[in-house]
Amino acid sequence: EHKVIGGIECFENSTDTLKVEERLKESEQRYAAIVNNAPEIVLIHQNGTIVFINQSGVKSSGFEVSEIVGKNIFEFLTEESKDNVACVLKRRQNESIIEDYELQFITKSKKVIDLIVKSSEIKYNNDKAVLTVLIDITERRKIEDELRAKENILSAVSFSIKQLLDIPDYYQAVGTCIERLGNAIGVDRVYMFENSYDEEGN
């Protein structure tokens, strides 16, 4: 007859494992807090479908989180930007690093904002995703456009002065100057009228 005369007990110290899990959880919480409170727009998308957007993105876009998450990013882009992003997504299939690029985002109020895109591949919920940081350059672009317009006008004025001094035919010079000034300020047509008087001044 066989009798059990002893036994072996195994004990596993789970303290270290628990500490690692706690540190990981704390790290994830800190990261989430940083991303959510970042001044830049931060979003994550998987194959073009938005799966996360931070508070700055919600504020800048005017949409609620529920109106953005789950939607395709193309729904919020201008037509030109759709083409640019489509090319970037296609390139990302073969390239891990994509240089910064620009796009235009349409807000809930239909305002178009200009953004610089910085993106990198990450793992999100154990699947491949793209972390995207969007920097709003709308005001900078507006200032650049205004400066460019002023430069065009100054250049047209300088050109016109030279034409009026160099061309002996006054009417030809005036016509050339008006055309150049019209192009500088962005008008599609310019009219020139001439007043005529009779001998009595009427």
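## The second largest cavity

In this predicted model, the second largest cavity is lined by Ile41, Leu43, Ile53, Gly57, Ser61, Phe105, Ile113 and Leu134. A cavity is a set of points, on a 1 Å grid over the protein atoms alone, where a 1.4 Å probe fits but cannot get out; lining residues have an atom within 4 Å of a point. Strand 1 and helix 2 (55-61) are the elements that give two or more residues to this lining. Helices (H or I, at least four residues) and strands (E, at least two) are DSSP runs, numbered from the N terminus.

The lining residues are six nonpolar, two polar and no charged. Ala, Val, Leu, Ile, Met, Phe, Trp, Tyr, Cys and Pro count as nonpolar, Asp, Glu, Lys and Arg as charged, and the others, Gly among them, as polar. The space in this cavity is about 40 Å³, where a volume is the space filled by probe spheres set on the points, which are joined across faces, edges and corners.

## The largest cavity

The largest cavity has a volume of about 100 Å³. Its lining has 14 residues, and His45, Ile73, Tyr101, Val117 and Thr132 lie nearest its centre. By class, the lining holds 10 nonpolar residues, three polar and one charged.

Which element supplies the largest share of this lining? Helix 4 does, with four residues. Strand 1 (41-46), helix 4 (79-92), strand 3 (101-106), strand 4 (112-124) and strand 5 (127-136) each supply at least two.

## Count and basis

The structure holds two cavities of 30 Å³ or more.

Residues are numbered from 1 along each chain as its sequence is written, and side-chain values use heavy atoms, with hydrogens and water left out. In this predicted model, local features need pLDDT of at least 70 and side-chain atom pairs count only at pLDDT 80 or more, while totals for chains, interfaces and linings use all residues.

Methods
On a 1 Å grid over the protein atoms alone, a cavity is a set of points where a 1.4 Å probe fits but cannot get out, and a pocket is an open set with protein on both sides within 12 Å along at least five of seven lines; lining residues have an atom within 4 Å of a point.
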